[in-house]
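Please study the sequence and the structure shown below. The paragraphs that follow lead through a few of the local features.

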Amino acid sequence: MTLGICCDHAGFDYKQRLIAYLEEKKYQIKDFGTYSSESMDYPDVAHPLAEAVESGEVEKGIAMCGTGNGMVMTLNKHQGIRAGLAWNEEIGKLVKQHNDANVLVLPARFIPFDMVCRITDVWLDSEFEGGRHQRRIDKIPIK
């Protein structure tokens, strides 16, 4: 599976460490930046990640910024994106099971790195439940 990943300056350290963690698990990674801890604007990396998920260039995405809110707001402007913000394992599981999130967003300044890994693992391992949840997802896009 190919995963896209991006972050702003607040998530840079975690992004680098998460890439290494995921590569050890044999995931292919496409890094959309940022490439340093220098201050930058999160939409500059969120939009390219969203476009890659929408086009199928990558199967899923992971994004990080300080609170996760800037990334999730930007990513969800794209009609084909369902980005879910998760700060614990239960939410990471539910955004996949109930919302079929195709991008996981993590709040880098508010959770330790081991939690980032645990949330990512549960999100990647969870399956969308469909059923009543599909009906709700079908109502999300603006037509």
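**Loops, rings and backbone angles**

In this predicted model, Asp100 is found in the loop between α4 (89-97) and β5 (103-107). The phi of Asp100 is near 50°, a positive value in a residue other than glycine. Most residues other than glycine have a negative phi, and most peptide bonds are trans. Asp100 is partly exposed, with a relative accessible area of 24%.

A positive phi also occurs at Lys26, where the angle is about 75° although the residue is not a glycine. Lys26 belongs to the loop between α1 and β2. With a relative accessible area of 69%, Lys26 is exposed, because the cut-off for that class is over 50%.

Another backbone feature is the cis peptide bond that joins Gly33 and Thr34, with an omega of about -5°. Thr34 is located in the loop between β2 (28-31) and α2 (43-55).

The side chains deserve attention next. A pair of aromatic rings is described by the distance of the centres and the angle of the planes. The structure holds 1 aromatic pair. Tyr14 and Phe113 form this pair, which is tilted, with 5.5 Å from centre to centre and 55° between the planes. Tyr14 lies in helix α1 (residues 12-24) and Phe113 in helix α5 (residues 113-125), so the pair ties together parts that are 99 residues apart in sequence. Tyr14 is buried, at 15% relative accessible area, and Phe113 counts as buried at 14% relative accessibility.

Charged residues also lie over rings. Arg17 lies over the face of Phe113, at 4.1 Å from the ring centre. Lys30 lies over the face of Phe32, at 5.3 Å from the ring centre.

Definitions and conventions:
Residues numbered from 1 in each chain as written. Predicted model: local features only at pLDDT ≥ 70, side-chain atom pairs only at ≥ 80, totals over all residues. Heavy atoms only, no water. Phe/Tyr/Trp six-rings, centres within 6.5 Å; stacked < 30°, edge-to-face > 60°. Helix = DSSP H or I, 4+ residues; strand = E, 2+ residues; numbered from the N terminus. Buried < 20%, exposed > 50% of the residue type's maximum accessible area, 1.4 Å probe, protein only. Lys NZ or Arg CZ within 6 Å of the ring centre and 35° of its normal.
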